[in-house]
Amino acid sequence: MAAQSYSLASRTKLNNSLSMPSIHLGVYLMNGSEASTAVKYALEAGYRAVDSAQMYHNEKQVGRSILDYLKANPEVKREDIHYTTKLASNSDYARARRSISQSVKECGLGHIDLFLLHSPYGGKQARLDSWRAVEDAIKDGEVKIGGVSNYGEKHLDELFSSNPRIKPAVNQIEVHPFNTRSNLTAYCQQHDIVVEAYAPLARALRMKHPTIVSLAKKYGCTSGQLMVRWSLQHGYVPLPKSVRKERIIENSQVGGFEISGEDIKAMDGLDEYLVTDWDPVDAD
């Protein structure tokens with residue numbers, strides 16, 4: 001378990017010798033103008049990673065907000081910003097490959113830092129064909145890093161069995177103290193796949209849980225900060241999401257305290273398999 005100070009400058013190493021920021025802004029369920037504003041606030045606060053997706057329909061606005069920030073802050077370079085997006089649905093190779101190119105065009109950033117298959121839906125052939133499209137997009141310079149999202153152990157096993165040219169660097173799944181997915185996260189970590197934790201705040205559904213409230217009081221932090229810090233100490237990369245400037249800033253201020261091993265265990269014990277949105281990890 002990681003015992004260190006975290007800030008927006010912290011980075012997480014990947015299995016391909018690259019690294020990425022340890023905290024990302026999530027822009028799920030934000031319309032274009034909300035996403036644009038949230039990204040602006042986040043970049044101004046020091047965030048250097050934004051997580052979008054084709055299904056969010058805000059790739060263009062997120063990209064434009066990043067470009068506007070880079071223009072206004074010439075000391076920050078494009079390579080300092082980590083941009084993630086995801087394939088809406090797995091399909092045949094040609095369609096998936098076109099879709100990746102379209103995402104590069106849509107964001108206007110020249111390349112995508114991390115491209116994920118958004119879910120395992122579509123069946124084995126579509127999953128493997130879509131992964132091949134990601135590999136070729138990396139080879140062609142459109143994408144730097146490839147990964148998956150909502151993949152269960154069986155989907156990762158299937159991908160490894162196909163002898164991929166490139167191993168996924170990331171599996172982005174819903175993880176928080178109320179849905180710890182301990183078997184899947186352990187599997188990912190054993191296979192050198194970074195777990196990105198989406199909905200790390202459990203979509204604010206358990207902020208007033210007595211254990212969370214009492215530990216937040218103990219550490220002099222908010223419930224949200226406590227949950228982000230829990231993710232980081234487990235070695236995950238959390239994607240806290242907010243449209244409010246003060247909350248975006250607050251969610252990242254997790255460097256001033258460290259949760260004890262005993263309290264991490266207490267938080268792990270809150271697991272109730274709380275799914276706040278969808279749960280495709282068992283899809284055929």
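Me: Is His118 buried or exposed?
Reply: Buried. This is a predicted model, and in it His118 has a relative accessible area of 6%. The cut-off for buried is under 20%, so His118 qualifies.

Me: Where does His118 sit in the fold?
Reply: In a loop. That loop runs between β6 (112-117) and α4 (124-139).

Me: What does UniProt list for His118?
Reply: The UniProt entry, which is unreviewed, lists His118 under "binding site".

Me: Which residues is His118 in contact with, leaving aside neighbours within four places in sequence?
Reply: Ala53, Met55, Tyr56, Lys86, Leu87, Ala88, Ser149, Asn150 and Trp278.

Me: Tyr56 is on that list. What annotation covers Tyr56?
Reply: "Active site", from UniProt, again in an unreviewed entry. Tyr56 lies in the loop between β4 (49-51) and α2 (59-72).

Me: Buried or exposed, that Tyr56?
Reply: Buried, at 13% relative accessibility.

Me: And which contacts does Tyr56 make beyond four places in sequence?
Reply: Val27, Tyr28, Met30, Asp51, Lys86 and His118. Lys86 also turns up among the contacts of His118.

Me: Switching to pockets. What volume does the largest pocket have?
Reply: About 580 Å³.

Me: How many residues line the largest pocket, and which lie nearest its centre?
Reply: The lining has 32 residues. Nearest the centre are Tyr28, Ala199, Arg203, Leu239 and Lys241. Tyr28 is also one of the contacts of Tyr56.

Me: How much space lies in the second largest pocket?
Reply: About 250 Å³. Of its 16 lining residues, the closest to the centre are Thr12, Lys13, Val194, Gly235 and Tyr236.

Me: Which strands each supply at least two residues there?
Reply: β1 (11-13) and β9 (194-198). The largest share comes from β1, with 3 residues.

Me: And how does the lining of the second largest pocket split by class?
Reply: 7 nonpolar, 6 polar and 3 charged.

Me: Back to α8. How many of its residues are buried?
Reply: 11 of the 11, so α8 is largely enclosed by the rest of the structure. The buried residues include Arg229, Trp230 and Gln233.

Me: What do the buried residues of α8 pack against?
Reply: β9, α7, β10 (237-238), α9 and α10.

Me: What follows α8?
Reply: Gly235, with a positive phi near 90 degrees. Gly235 is also among the residues closest to the centre of the second largest pocket.

Me: New topic. How many salt bridges does a search of the whole structure find?
Reply: 16. One of them joins the side chains of Lys218 and Asp263, at 2.7 Å from N to O.

Me: Why care about where Lys218 and Asp263 lie?
Reply: Lys218 is in helix α7 (residues 210-219) and Asp263 in helix α10 (residues 261-268), so the pair ties together parts 45 residues apart in sequence.

Me: Which end is buried and which is exposed? Start with Lys218.
Reply: Lys218 is exposed, with a relative accessible area of 54%. Asp263 is buried, at 8%.

Me: What about Arg247, which residue does it pair with in a salt bridge?
Reply: Glu250, with the closest N and O atoms 3.0 Å apart. Both lie in helix α9 (residues 245-252), 3 residues apart, about one turn of the helix. Arg247 is partly exposed, at 31% relative accessibility.

Me: Which residues do salt bridges with shared partners join into one network?
Reply: Arg97, Asp140 and Glu142.

Me: And which residue does Glu246 bridge to?
Reply: Arg244, the closest N and O atoms being 2.9 Å apart. Glu246 is partly exposed, with a relative accessible area of 45%. Arg244 also counts as partly exposed, at 40%.

Technical notes. Residues are numbered from 1 along each chain as its sequence is written. This is a predicted model: local features need pLDDT of at least 70, side-chain atom pairs count only at pLDDT 80 or more; totals for chains, interfaces and linings use all residues. Side-chain values use heavy atoms; hydrogens and water are left out. A salt bridge is a side-chain nitrogen of Lys or Arg within 4 Å of a carboxyl oxygen of Asp or Glu. Helices (H or I, at least four residues) and strands (E, at least two) are DSSP runs, numbered from the N terminus. Buried means under 20% relative accessible area, exposed over 50%, partly exposed in between (1.4 Å probe, protein chains only). On a 1 Å grid over the protein atoms alone, a cavity is a set of points where a 1.4 Å probe fits but cannot get out, and a pocket is an open set with protein on both sides within 12 Å along at least five of seven lines; lining residues have an atom within 4 Å of a point. Grid points are joined across faces, edges and corners, and a volume is the space filled by probe spheres set on the points. Ala, Val, Leu, Ile, Met, Phe, Trp, Tyr, Cys and Pro count as nonpolar, Asp, Glu, Lys and Arg as charged, and the others, Gly among them, as polar. UniProt positions are given in the numbering used here, feature names are shortened, and annotations may be inferred rather than shown by experiment. Contact means heavy atoms within 4.5 Å.
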